[in-house]
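Keep the viewer open and follow along.

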Number of protein chains: 6
Amino acid sequence: MAKRIAAFGEVMMRLQVPGYELLSQAGRLNFSFSGTGVNVASALARFGHTGCLVTTLPANAVGDAAAAYLRKLSLAPTFMMRGGNYVGMYFLENGFGARPSRVTYSNRLESSFNTAPEGTYDVEAIAKQVDVVHFCGITLAMNDTVRLHMKALAKAVKAHGGTVVFDCNYRPSLWGQDGYEKAKPHYEDMLHLADIVMMNEKDAMFVLGMNTGKETRMEQLTELIPAVAAQYGITVIAGTHRSINGDNTHSLLGFMYKNQTFFFSQKLTFSVYDRIGAGDAYTSGIVHGEASGFLPEKTVGFAAAAGMLAHTIAGDTPMSSESDILRAMTEAVGDVER
Amino acid sequence: MAKRIAAFGEVMMRLQVPGYELLSQAGRLNFSFSGTGVNVASALARFGHTGCLVTTLPANAVGDAAAAYLRKLSLAPTFMMRGGNYVGMYFLENGFGARPSRVTYSNRLESSFNTAPEGTYDVEAIAKQVDVVHFCGITLAMNDTVRLHMKALAKAVKAHGGTVVFDCNYRPSLWGQDGYEKAKPHYEDMLHLADIVMMNEKDAMFVLGMNTGKETRMEQLTELIPAVAAQYGITVIAGTHRSINGDNTHSLLGFMYKNQTFFFSQKLTFSVYDRIGAGDAYTSGIVHGEASGFLPEKTVGFAAAAGMLAHTIAGDTPMSSESDILRAMTEAVGDVER
Amino acid sequence: MAKRIAAFGEVMMRLQVPGYELLSQAGRLNFSFSGTGVNVASALARFGHTGCLVTTLPANAVGDAAAAYLRKLSLAPTFMMRGGNYVGMYFLENGFGARPSRVTYSNRLESSFNTAPEGTYDVEAIAKQVDVVHFCGITLAMNDTVRLHMKALAKAVKAHGGTVVFDCNYRPSLWGQDGYEKAKPHYEDMLHLADIVMMNEKDAMFVLGMNTGKETRMEQLTELIPAVAAQYGITVIAGTHRSINGDNTHSLLGFMYKNQTFFFSQKLTFSVYDRIGAGDAYTSGIVHGEASGFLPEKTVGFAAAAGMLAHTIAGDTPMSSESDILRAMTEAVGDVER
Amino acid sequence: MAKRIAAFGEVMMRLQVPGYELLSQAGRLNFSFSGTGVNVASALARFGHTGCLVTTLPANAVGDAAAAYLRKLSLAPTFMMRGGNYVGMYFLENGFGARPSRVTYSNRLESSFNTAPEGTYDVEAIAKQVDVVHFCGITLAMNDTVRLHMKALAKAVKAHGGTVVFDCNYRPSLWGQDGYEKAKPHYEDMLHLADIVMMNEKDAMFVLGMNTGKETRMEQLTELIPAVAAQYGITVIAGTHRSINGDNTHSLLGFMYKNQTFFFSQKLTFSVYDRIGAGDAYTSGIVHGEASGFLPEKTVGFAAAAGMLAHTIAGDTPMSSESDILRAMTEAVGDVER
Amino acid sequence: MAKRIAAFGEVMMRLQVPGYELLSQAGRLNFSFSGTGVNVASALARFGHTGCLVTTLPANAVGDAAAAYLRKLSLAPTFMMRGGNYVGMYFLENGFGARPSRVTYSNRLESSFNTAPEGTYDVEAIAKQVDVVHFCGITLAMNDTVRLHMKALAKAVKAHGGTVVFDCNYRPSLWGQDGYEKAKPHYEDMLHLADIVMMNEKDAMFVLGMNTGKETRMEQLTELIPAVAAQYGITVIAGTHRSINGDNTHSLLGFMYKNQTFFFSQKLTFSVYDRIGAGDAYTSGIVHGEASGFLPEKTVGFAAAAGMLAHTIAGDTPMSSESDILRAMTEAVGDVER
Amino acid sequence: MAKRIAAFGEVMMRLQVPGYELLSQAGRLNFSFSGTGVNVASALARFGHTGCLVTTLPANAVGDAAAAYLRKLSLAPTFMMRGGNYVGMYFLENGFGARPSRVTYSNRLESSFNTAPEGTYDVEAIAKQVDVVHFCGITLAMNDTVRLHMKALAKAVKAHGGTVVFDCNYRPSLWGQDGYEKAKPHYEDMLHLADIVMMNEKDAMFVLGMNTGKETRMEQLTELIPAVAAQYGITVIAGTHRSINGDNTHSLLGFMYKNQTFFFSQKLTFSVYDRIGAGDAYTSGIVHGEASGFLPEKTVGFAAAAGMLAHTIAGDTPMSSESDILRAMTEAVGDVER
């Protein structure tokens, strides 16, 4: 049954050097528009749900280009506001082998989204029209007004019986010095409101300050996640363990904790074309599984395969259909499809 | 000794999304013209033979572009007719790692080639001017008129003492429901006319309906191919076994059956840049070996190396010279050539 | 007051050689999706109305790309059906100076739109949800089933009190021999149903077979158009006179006949970047003026300026906003806007 | 005799949509780095002087790319500081004919240049190493700290016997409401310090608030400019009158006031490829003429031809050599040079 | 009646900066292969004759690319030799308006063509297989061995009853100091051998040292050309007068002198996209007219229209068909062809 | 402590087919300028030293483009002379997997650098302004005048107390038949002058004709290098052993012999994006380590990591900073940097 899904978040302009040159060698950029909310909501729209983004864009040529791009990604324009002057931007230089990819942010703090004043969003109206709302820890790091919008919308959706999804996604560079301390109360607010949470043991230890005597990631995970679920009353906690292999392939192991039980995907190993945004594909798989009533073991496998395929797609935003993902769950890599 | 070689077949326009975007993400396409006959005849021209294509192209800008492209590939324009309105087209989206490449055909059934009326080709004139003629199972799947052209030309070349090459190349999507049944009589007609046949055990079992109690591909092959050769009076039967490995490399094992004996290439394992058309490079290697009087063991090795190199070449059409292939048969991959 | 506007028509894939090379010199194409309905409905959406397209696209990668492109153009997916196998295509080679642009069509007759069976569109449902519906003479030329869809939809919208727009747009190459004769009854059907008609004196003379003793275009126009309006009961008839000047600029004079009165725009003279689709911009201006209650003299000036600006825009589809057009109506060409 | 020339100013990243698409139609951008100071100092370096830029760039990939670009333009890195986080950016959509070009700024107020703290530049050291320093009204509009840097550097250079060039270049959008009032005292400070000033009668009237009863631009110019020169003790005042013609060509008339006398260039009329930065080419011509001891009539002709050629060059920054410009002053447009 | 046409000449690699950047601003080049012989022979092949090039290319990747390009242009590979090491090259920067295009040659003196030793070409064999052979003054400027090849081939063709075409095409930079003196004896040799000569009054005055008291170009032309025809026994002399207009359009007036009579084309005025090679299109029109038995007035009009259209085509090599040219002779520039 | 570093050598224009097409399939090239000296001096400039190139470029558009490119690479223009007519060029076709990359040189023997006459370079002036000078065996292979420049400069720098670096870099194709014999005396001259030498056991055996009974590369190395150091009085000898693995990765083992002791890097294994110029990155690492007083074990590890990273960079010229290399020495390949 298709759900109405909103994501709250900033639209970023991605300015990518084509090929493998550095910015200082290049003269051209490919651009697209993305963001955690964009990625999750459009992936869910691709799975058959209705997706929209709650955000603010400037009323100029850059805002128009962003809005057009989001429509192309199937995001309904209903809750995209216009105001302010800028879209946040980042430059991406593709890595190769031993040389990692490099992201350089341009000023996002003055963006239309981050300067949208109180009252910009009619949270009651939104809450009435959506079944699920998605938030992310990157947004939480921005400023007090953004956090105000965020919590007000989460509360409104919860009050109307909707599902609140929160992806912890802690970015140290955004919170600055003493970041964990600053972040903790806001994370706790969101965790109390959330039904589905994306996180792993590191978030529990570093952001929430939880302790464990365990040494392996897996032991830490299985000890801490149930404690988090219990403490904040969270229905589903899901996440991944990623490892980067010597041959530049990545491995991904998905987990999902629900009804006092852990479910794990197979450990998938694959070549990477574009790593950015792949975590959002995993999130979209979890939300889709829950929204569609998949069994947890199917949900976590679907989410992991969605995450794997997102690494093979150009751009931040997942582009695989449900049937693409289901086939990737069952088949070996095949020959040309024709 | 250089031979005069003709191939009968359709020219397709390949519209390829550059890089790794999907068609729905892209705004540009690279185009080229290819087809089994194009690939085989031009590869043989590159080896020093004279190559031409028996086909029909429209008398418009698209037909002109196709003809120019074929001239560039060293195909003489002698037997390219002009008529009808369209060139068959296909869209290609490149896969990456876990995501397979995807081909979407546009309408080929109304193409100039597939609507060329009886009498379009002067088969007697062609037969007098060629030593070898090549046909393919894809063409056989088109329609009755095309099959008429095909069999008439094969008979004429045979009657004039030329060599007939037939590549089984059964494509299920082209024959539709009950395809094997529909296809069998036409395949049998061509096999009776052919001197050199490209096929493997699957064609024998599925298209010709032959039975075997053997379980491995190799056992099936060595049982069935001699039976086919005997039944249809075929001088040479050749083909490959392909496997796709976990790390996305492909492996290719070439075989050739001649004078009651099987000859096998080494099993070659290699990275793949562009898989389409690589089978035609293998065919060209077999035909070149036979035309040049190579020993069978050299022919099958040459064909397999030709096939391997074709996977490293942009586009459907093989571009390696005889010396490129001979070097690839003997040397490890080397450093930059300068 | 924003209207809900639907257009009925085929989506074409435009495959354009970049720059000024011929197809036979090039290896790359830029592609986009357009069509008279696409152009008119999206231009109206840009002016603040709600636009959608009643059409059929294939359920494959090409259809997905078309649908994404249309969403980007603000066309709601509500009445886009999926079925059939192909999208109509055309190749465009840009002319330069003394060398005209050249269009080569690929097969559109087998397209999803042109093979969509009876019953594909729920005309009653559509009629209930739209205020205005747009049709075009190109669509009328396709085949009987398409004409059936077309007339059924026009009748249903009319029956529900909506406005029917019909653009005569007679293309000789589509109707073939004795085209005017074949076309006339269908044109008459549509004219009887239409409220707003795009045509000029040539359509009256050639398609409708009307006679005039006048010799200048302007005299013919002013004699024949009122007769057409009277005979078919049409509220508004509008169109343009285009001339191509020696220095490759074009001139456009817009007219509009309403309430027994002719209104004319200024004669606009301008450089041309991309001529295709500019007529649809003019149509969109007339419809917008009528839908917005502009005075006729403003409507015809707005439409002519919209048409002029569409010649300066890349691609078939108009991209100017209402404010862009209003400014072009009043100001001389200015310096960089910054 | 080659001079050592510094310009003080911000480096902007120009993100240009290639061809004639709008940002909302495109997916690629060409980028370069420019700014009034960049343009003037590099043009003078091309004429054989030593050029450098006094500015601040971030110590990240964008700053590295800007620095590399400036080195390519022959600007010595001596006084380029590193600090802050951002480079100012603007998006450029090329106009065509009736559709003007459009510039959309991204946030420049938080750029490294505009946030560089007091004490960033060692004005004494700079003043000792340069013969001429160039400033611009755009920089003057930024903020108090920038103005502080600016005036301190101007004073230091003047104190060391150097020449101060000031280009009025008033941009209404940067000064906001009551802009003329806010700007006037700062403009007066700079005019008192300047030896060579780029301005015309509009600056005198609007920024300096001078009155005239004259009606034509030429009369206003010849009345007001001598008054400005006298009041502020300026040696040379130069500028242009630009007109945009109906056929999209531009006309440029250069003037120069020196020793109580006006000198005028021919009125040049020409096609425009890239208008941005052409005014800086004119400035560079005036400064080069003065620095090289040209007669005023040659200087003003040279500057006008430099300005004209800059309209035919891709990018903001003039690329013509002294010999290119001298030839353009004397010859008609010629055939291919080979 | 189709003729067999050979051209003797060097193949040059054209390395063109795309768009309007200078080489020092760019990072990419478009390349193609051309040359006077290439242009003339391929244009004639496009008109239905058989074209081939007598030349030498290196046996390496660059030579292979050149050979493939020439095949695409319909030039038969029969007389393309392989030897030496290099292909001559030139860089092209496109001018715009007041800024002329600029050609920079790379080393052509060591090219395969210019170092091909005596005996490279079997002139007897060539002479037997061609009806017409074309030479050009650029080739004549190279070195003694090239001149030897050239004259030997001209003599052989003449001896076998073929037609010799010679295009004077004097390039001062190739002959160096005292160029006219050095060139004259070689030009006289070629003129004595030639049946059709491309030249105008300037060649007569400067290369042949003829005197005239006339002042206008037209008077000089009509006095000198008949004298040249008489002195050297030339059947047809043809050429053009080109003028470059203030608005950057070019005008072309073609003339042809035959049977003691001058025939002139209309003076054509047109916009220029790519001027290089347009003179070769004119030559091809003259040769085609003579080869096809056109009346002289048609020939000169056809040649002038061929020349005009070649200015609208990307690259050096004419691409227009006979029907394109015939239409351009009769029709005004039209709307899109579809 | 930053050093002043000069390299003596030719600037080559690299013309690279983008992607994986062959030159005969392509129509576009990317170009850049490089050379051993360019690569080493600019890498050292990136590490904080002052770099310049002693070379000669033509005074035309190609020379201007080369000079601009070198400035961008931080090479000071001080000792770049202008003269002659050409820049040496090479074409690069990228290999893929089993198909090696291919380099085709255009004529370099007539380049400005290789034809610069005696007296072009003021070696005394250069020697006074540099601390280190770099030479390479490729340059040594050119001609007698180039060797004269080279040895004179080496002697002058040595006489002024500077450090002389010599990279043996023997290229068989440049020395031709009996190359080792011809080369040996010149190599000996340079080795007697050099303080730091890049070579391995093959150079000792083949160029210097030294004998060894050892069979493994490592044994040969450890026997021969100390002998070379002793015989020619060389302070540091360094080099690499490269192996190409079956999966197309390369492995690099760096060595450095100093103070009678061998130091080895770890054996690094990595994917290769662009192999050309990677040896120069290794050289730059050795020189930087020596110039900066690194311990030998750090120097050799730094050089090997610099070499490894250079394989991941587009173009011949290393682009990694000191901190990039230090991180690559210590960390595993990481995730996106942001």
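In this predicted model, eight strands form an open sheet with mixed pairing, and their order is 8(B)-7(B)-2(B)-3(B)-3(C)-2(C)-7(C)-8(C). At the edges you will find strand 8 (102-105) of chain B and strand 8 (102-105) of chain C; each has a single partner strand, so one side of each is left without a neighbour in the sheet. On average, and ignoring direction, neighbouring strands of this sheet are turned by 30° against each other.

For a look at the pairing inside the sheet, go to chain B. There, strand 2 (residues 12-16) and strand 3 (residues 28-34) of chain B are antiparallel partners, held over five bridges. One pair to pick out is M12(B), whose bridge partner in strand 3 of chain B is S34(B).

Next, turn to chains A and D. Strand 3 of chain A is joined to strand 3 (residues 28-34) of chain D by three bridges, and the two strands run antiparallel. Opposite N30(A) stands R28(D), in strand 3 of chain D.

The contact between these chains involves 22 residues of chain A and 22 residues of chain D. On the chain A side, the elements that give two or more residues are strand 3 (28-34), helix 2 (61-72), strand 7 (88-93) and strand 8 (102-105) of chain A. Helix 2 of chain A gives the most to this side, with five residues. By class, the side of chain A that touches chain D has 10 nonpolar, seven polar and five charged residues.

How do chains A and D relate to one another? A rotation of 180° with 0.0 Å of shift along its axis superposes chain A on chain D, with an RMSD of 0.0 Å. The two copies are thus related as by a two-fold rotation axis. L29(A) is the residue of chain A that comes closest to this rotation axis, with its C-alpha at 2.6 Å. Of the interface residues of chain A, 100% are also interface residues in chain D, so the copies meet through the same surface.

| Chains | Rotation | Shift along axis | RMSD |
|---|---|---|---|
| Chain A on chain D | 180° | 0.0 Å | 0.0 Å |

Finally, a helix pair in chain D. Helix 11 (residues 278-292) of chain D packs against helix 12 (residues 296-310) of chain D at an angle of about 150°, and their axes are 7 Å apart. Helix 11 and helix 12 of chain D are therefore roughly antiparallel to each other. The crossing of helix 11 of chain D past helix 12 of chain D is right-handed. Residues making the contact include G285(D) and G289(D) from helix 11 of chain D, and F302(D) and A303(D) from helix 12 of chain D. Together, the residues of this contact of helix 11 with helix 12 of chain D divide into nine nonpolar, six polar and two charged.

Note on methods
Residues are numbered from 1 along each chain as its sequence is written. Chains are lettered from A and ligands numbered from 1 in the order in which they are written. This is a predicted model: local features need pLDDT of at least 70, side-chain atom pairs count only at pLDDT 80 or more; totals for chains, interfaces and linings use all residues. Two residues are in contact if their C-beta atoms, placed from the backbone, lie within 7 Å. Helices (H or I, at least four residues) and strands (E, at least two) are DSSP runs, numbered from the N terminus. Ala, Val, Leu, Ile, Met, Phe, Trp, Tyr, Cys and Pro count as nonpolar, Asp, Glu, Lys and Arg as charged, and the others, Gly among them, as polar. Two strands pair if DSSP finds at least two bridges between them. Copies are superposed by least squares on the C-alpha atoms of residues with pLDDT of at least 70 in both. Axes are lines fitted to C-alpha atoms, for helices over the stretch in contact, and angles run from 0 to 180 degrees between N-to-C directions. Angles under 35 degrees count as roughly parallel, over 145 as roughly antiparallel, 65 to 115 as roughly perpendicular and the rest as oblique. A crossing is left-handed if the near helix is turned anticlockwise from the far one by less than a right angle, and right-handed if clockwise.
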